[in-house]
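Visitor: I would like to go through this structure with you. Could we take it one topic at a time?

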Amino acid sequence: MRFTIYMLLIYLSFPVLSQVDRCSFDEYRQILKNRGLYKECKNYSSQYYSMQDTYTIPVVVHILYNNDGQNISDERVYSQIEVLNQDYSASNMSLDNIPDEFQDVIGEVGFAFCLVQKDLDGNDFSGINRVYTEVESFNMSDDAMKRSSEGGVDAWDSENYLNFWVCNLSGNLLGFATMPGDVSAELDGVVVDYEYFGVDLSSSSPYNLGRTATHEVGHYFNLEHTFYAGCSDWDSCDDTPSISSPTYGCPEFPQESCNSIDMTMNYMDYTNDACMHMFSSCQAELMIDALLTYRPNLIAAEDCSVSIDENTYTNDIFIHPNPVLDKIFLSIEKSSIYLYDIYGREILSNYYLDKDFLDVSFLHSGTYIIIIDNYIQKFIKR
Ligand SMILES: [Zn+2]
C-alpha cells in the first residue's frame, strides 16, 4: 500500500513539473499578435554608436508584491544583476563545463547591467522600485503588471531603461520578454516571476540561479530560442547547431538531433539554471547589433554611477586597461585609494598602494568606482 501511494505521488508530481513554462516568449508573441499589439512594421532608431568593448545597460527593477514573500530582498536583486553581468561577460564560473566542441564559440557580449542610481526626478535611488499591489497574481495575457491603473506599475521610459517587472505570475510561468520594436514603449521589457529572479539557494527549484533573466534578456536583445523552427534552424546563428526541440533538465553530453551535437548548455535553450553556461559568438554579435541598432538610447552609463562631483572629475590620472580582467595599472604610484561598487558600497578604504597597479582579480564582474587622491575614475571589471 505504501508503495502504491509512493508511486501515485511520483505520478502526480510529473504533471506539475511538466506544467512549468520555462519561457513564455513564443506564447506571449502570439498573444500580442492576437490582441493587435504586435508591430509587424517596426520603426528603428538610426542613431549610430561606435563599437566598444563594454556597454553599460541601466536597469530598473519593479517589484510588485501582494505579500512579504513576493517582496524579495535587495540581495536577491543584487545577485540577479551579478548573474547577468557574469553571463553577459562570459566570466561565469560554469564556463569550464562547456564541452571542447563549443569552447571556440563562447560569446562574450560585453554588456554590464547596473541598477539606476537616480529616479526620474533626479533623486538618489536604489534602482529597486517596490510597489504594493492588490493583485494576487498576474496573467501574461493582459499585461496588467505593466500598468499602474491595473495594479501594476508603469514602465520607466523604455528607450532609456531596461525595465524588469518582478511579480507573481499565474500559471507556473517563469518569465517572458519583448524583442526590440515588438510592442509600444509602455509594454517593452522583461517580466520574471518573483520566485525565479536572482539567486535563491534556499529554493529547491532547478530555476533558482538567475538564468531565467539571462534567457529573457536574450530575447529582449533579439535572440530566438536555439530550437526555434526545430531542424529548420531559424535562430539566425550558424554556430548554434540546429536542435529539434527544447531541452529540459540537465542532460548528459552529448545529445544529438538534426544530425548534429546539440548545444544544450546555451542560455536560449530550456535546461535547468545549473546546466546552461553560454551564449555563442553569433548570439553575442546579434545582441550587440540589437543594442546599437534598435536600443541605442540604453547606452547611458552615467545613470548607473554613484553620484560623481563634476568638479573633481578629471583625466589627469588615468587607469588601464579598462575594461580590466585582473590588474589595473595607474598612471601614478604610492598613493591611497578608495574603491566602491556601483551601489556605492565601500570595498577598499584608504588602501595604501605601494606599486603602480592594483590586483582586482578578486572582484566580481561589473562596474566600479576608484578614487585616487580625490580623483574619480570608473572602470569595468570583466
Ligand atoms: Zn525563451
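**A conversation about the model**

Guide: Strand S11 (residues 335-341) and strand S14 (residues 366-372) are paired in the antiparallel sense, over 5 bridges. Please note that this is a predicted model.

Visitor: Which residue in S14 is the bridge partner of Asp 341?

Guide: The bridge partner of Asp 341 in S14 is Tyr 368.

Visitor: And in what order do the strands of that open sheet come?

Guide: The order is S12-S11-S14-S15, an open sheet of 4 strands with antiparallel pairing. Strand S12 (346-353) and strand S15 (375-381) are the edge strands, each pairing on one side only. On average, neighbouring strands of this sheet are turned by 20° against each other, direction ignored.

Visitor: Where is Asn 350, and is it buried or exposed?

Guide: Asn 350 is located in strand S12. Asn 350 is exposed, because 9 other C-beta atoms lie within 10 Å, and a residue counts as exposed at 12 or fewer. Its phi is near 50°, a positive value in a residue other than glycine.

Visitor: Let us change topic. How many residues of strand S4 are buried?

Guide: In strand S4 (residues 162-167), 6 of the 6 residues are buried, so the strand is largely enclosed by the rest of the structure. Leu 162, Phe 164 and Val 166 point one way from S4, while Asn 163, Trp 165 and Cys 167 point the other way.

Visitor: Why would the directions alternate?

Guide: In a regular strand, side chains alternate between the two faces of the sheet.

Visitor: Which strands pair with S4?

Guide: Strand S1 (residues 55-65) runs parallel to S4 and is joined to it by 5 bridges. Strand S6 (residues 190-193) also pairs with S4 in the parallel sense, over 4 bridges. As for individual positions, Ile 63 stands opposite Val 166 in S4, and Phe 164 has Val 190 in S6 as its bridge partner.

Visitor: What about the largest nonpolar core; which residues have the most contacts inside it?

Guide: Val 59, Val 61, Val 166 and Val 192 have the most contacts inside this core, which has 77 residues. S1 provides the largest share, 7 residues. Domain 1 (3-298) and domain 2 (310-381) both give residues to the core, so it lies between them.

Visitor: Which residues is Val 192 in contact with, leaving aside its neighbours within four places in sequence?

Guide: Val 192 is in contact with Phe 164, Val 166, Leu 174, Gly 175, Phe 197, Thr 212, Ala 213 and Glu 216. Of these, Thr 212, Ala 213 and Glu 216 are buried residues of H5.

Visitor: Then what does H5 pack against?

Guide: The buried residues of H5 pack against helix H2 (25-34), helix H3 (74-88), S4, S5 and S6. In H5, 10 of the 10 residues are buried, so the helix is largely enclosed by the rest of the structure. Just after H5, Asn 222 takes a positive phi of about 85°.

Visitor: Where is Asn 172, which also has a positive phi?

Guide: Asn 172 is in the loop between S4 and strand S5 (175-177), and its phi is near 60°. Asn 172 counts as partly exposed because it has 15 C-beta neighbours inside 10 Å.

Visitor: Which residues does the cis peptide bond join?

Guide: The cis peptide bond joins Phe 253 and Pro 254, with omega at about 0°. Pro 254 lies in the loop between helix H5 (211-220) and strand S7 (256-257).

Visitor: Now the chain as a whole: how many helices and strands are there?

Guide: The chain has 6 helices and 15 strands. Of its 382 residues, 40% count as buried. Among contacts with a separation of 6 or more, 68% are between residues 24 or more positions apart.

Visitor: Where does pLDDT stay under 50?

Guide: One such stretch is residues 46-50, for which the model has 4 contacts beyond four places in sequence. Over residues 307-314 the pLDDT is also below 50, and this stretch has 7 contacts in the model beyond near neighbours in sequence. Where pLDDT is low, the predicted coordinates should not be read in detail.

Visitor: And what is the mean pLDDT of the chain?

Guide: The mean pLDDT is 86, and 86% of the residues reach 70 or more.

Conventions:
Residues are numbered from 1 along each chain as its sequence is written. This is a predicted model: local features need pLDDT of at least 70, side-chain atom pairs count only at pLDDT 80 or more; totals for chains, interfaces and linings use all residues. A residue is buried if 20 or more other C-beta atoms lie within 10 Å of its own, exposed if 12 or fewer, and partly exposed in between; C-beta atoms are placed from the backbone. Helices (H or I, at least four residues) and strands (E, at least two) are DSSP runs, numbered from the N terminus. Two strands pair if DSSP finds at least two bridges between them. Axes are lines fitted to C-alpha atoms, for helices over the stretch in contact, and angles run from 0 to 180 degrees between N-to-C directions. A nonpolar core is a set of buried Ala, Val, Leu, Ile, Met, Phe, Trp, Tyr and Cys residues joined through C-beta atoms within 7 Å. Domain bounds come from an automatic or database domain assignment. Two residues are in contact if their C-beta atoms, placed from the backbone, lie within 7 Å. pLDDT is the predictor's confidence in each residue, from 0 to 100.
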